[in-house]
Amino acid sequence: MRFTQEDVPISDSEFVILRDLIRERLGLVYEDGKRDLLADKLSGRVLERGFNSFIDYYYLLKYGPGAEEEWPHVMDALSVQETYFWREMDQVRALVDVLVPQYVAARRPEPLRIWSAACATGEEPLTIAMALAEAGWWGRVPIRIQASDASPSALARARLGVYRERSFRALPPALRERYFSEAGGCWRVAPELHARVDWSLANLTAPEEIARMPPAAVVFCRNVFIYFSTAAITKAVRLLADRMPPPSYLFVGVSESLLRLTTGLELQEIGGAFVYVKV
Ligand SMILES: C[S@@+](CC[C@H](N)C(=O)[O-])C[C@H]1O[C@@H](n2cnc3c(N)ncnc32)[C@H](O)[C@@H]1O
């Protein structure tokens with residue numbers, strides 16, 4: 001018998017145990033009203049694995065020998081990869097205009113590491129790389145950018161470095177001309193700029209995956225906590241902070257606030273942007 005996506009119903013109890021498992025593993029929250037959305041996003045995987053019920057899929061994820069291979073597919077199915085170049089630039093400007101000069105003045109022996117910790121398809125770390133290039137920092141200061149995401153499909157696109165029109169909605173046209181070349185109706189990022197970024201797969205709520213990332217003095221973790229439970233935000237911030245040598249700086253999205261959580265970080269205004277500082 002063949003099943004189409006509509007053919008996989010999800011019961012209340014299946015929804016509850018599956019969404020709890022997803023929240024525990026990936027931090028992502030599906031409220032009661034999001035039952036159909038979750039079912040819709042995962043139906044394809046249920047069928048792909050040869051099941052016709054969510055309970056079988058739940059058992060695979062919870063106990064199956066193939067669980068570890070399946071979770072990246074779950075992440076791909078649930079990942080919201082909405083992003084674009086030159087997004088929320090106040091924070092990037094604070095980095096380029098204030099934090100980098102501070103780093104230079106402090107004459108630190110180690111390179112300045114900047115981490116885009118939910119980089120989606122790569123627009124955020126490449127924006128940082130472009131802004132640093134525009135300010136003339138590359139070649140003058142040892143800087144590395146590391147970018148990570150939990151979605152293998154997002155990361156594959158980031159590694160490819162080819163972008164459609166939607167990604168350019170906020171980027172000044174002159175910068176597109178400077179850092180991209182047209183490729184079959186899309187735009188390919190200049191290899192020198194792309195090579196400024198190291199790409200990794202890392203789940204923000206998995207201690208062993210975050211512990212593998214090099215410590216970074218500046219972390220951008222933007223527009224991902226909006227999808228997380230409070231417990232997952234607290235856990236992720238603690239894991240990130242463990243990888244941040246003081247003094248170091250955490251930027252979250254403009255609609256995200258850590259103020260009601262106990263993080264040990266101090267909210268400061270730097271260069272016109274709000275940033276959580278590990279002092
Ligand atoms: C909306 S995008 C944000 C992209 C970029 N930071 C920005 O602000 O434009 C959210 C990203 O978070 C990633 N994500 C969701 N849960 C995650 C987790 N547990 N660990 C790491 N990344 C996660 C998704 O795969 C997605 O690419």
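**Entry 1: the pocket**

I looked up the lining of the largest pocket and recorded 20 nonpolar, 6 polar and 8 charged residues. I note here that the model is predicted. The lining comprises 34 residues. Leu 28, Val 80, Asn 223, Val 224 and Tyr 227 are those nearest the centre of this pocket. Helix 2 (35-48), helix 4 (67-78) and helix 6 (123-134) are the elements that each give two or more residues to the lining. For the space in the largest pocket I noted about 580 Å³.

An open sheet is formed by 7 strands in the order 6-2-1-7-8-10-9, with mixed pairing. From one strand to the next, the twist averages 25°.

**Entry 2: strand 10 and its partners**

I examined strand 10 (residues 273-278) next. Strand 8 (residues 248-252) runs antiparallel to strand 10 and is joined to it by 3 bridges; in this pairing Leu 250 stands opposite Tyr 276. Strand 9 (residues 266-270) is also antiparallel to strand 10, with 5 bridges between them. Here I found Leu 267 opposite Tyr 276 and Gln 268 opposite Val 275. Strands 9 and 10 form a hairpin with 2 residues between them, and Gly 271 in the turn has a positive phi of about 60°.

**Entry 3: helices across the sheet**

Finally, I checked two helices. Helix 6 lies across strand 1 (112-116), strand 2 (143-149), strand 6 and strand 7 (218-221), and runs at about 165° to strand 2. Helix 7 (residues 152-160) lies across strand 2 and strand 6, at about 160° to strand 6.

Methods: Residues are numbered from 1 along each chain as its sequence is written. This is a predicted model: local features need pLDDT of at least 70, side-chain atom pairs count only at pLDDT 80 or more; totals for chains, interfaces and linings use all residues. Side-chain values use heavy atoms; hydrogens and water are left out. On a 1 Å grid over the protein atoms alone, a cavity is a set of points where a 1.4 Å probe fits but cannot get out, and a pocket is an open set with protein on both sides within 12 Å along at least five of seven lines; lining residues have an atom within 4 Å of a point. Grid points are joined across faces, edges and corners, and a volume is the space filled by probe spheres set on the points. Helices (H or I, at least four residues) and strands (E, at least two) are DSSP runs, numbered from the N terminus. Ala, Val, Leu, Ile, Met, Phe, Trp, Tyr, Cys and Pro count as nonpolar, Asp, Glu, Lys and Arg as charged, and the others, Gly among them, as polar. Two strands pair if DSSP finds at least two bridges between them. Axes are lines fitted to C-alpha atoms, for helices over the stretch in contact, and angles run from 0 to 180 degrees between N-to-C directions. Contact means heavy atoms within 4.5 Å.
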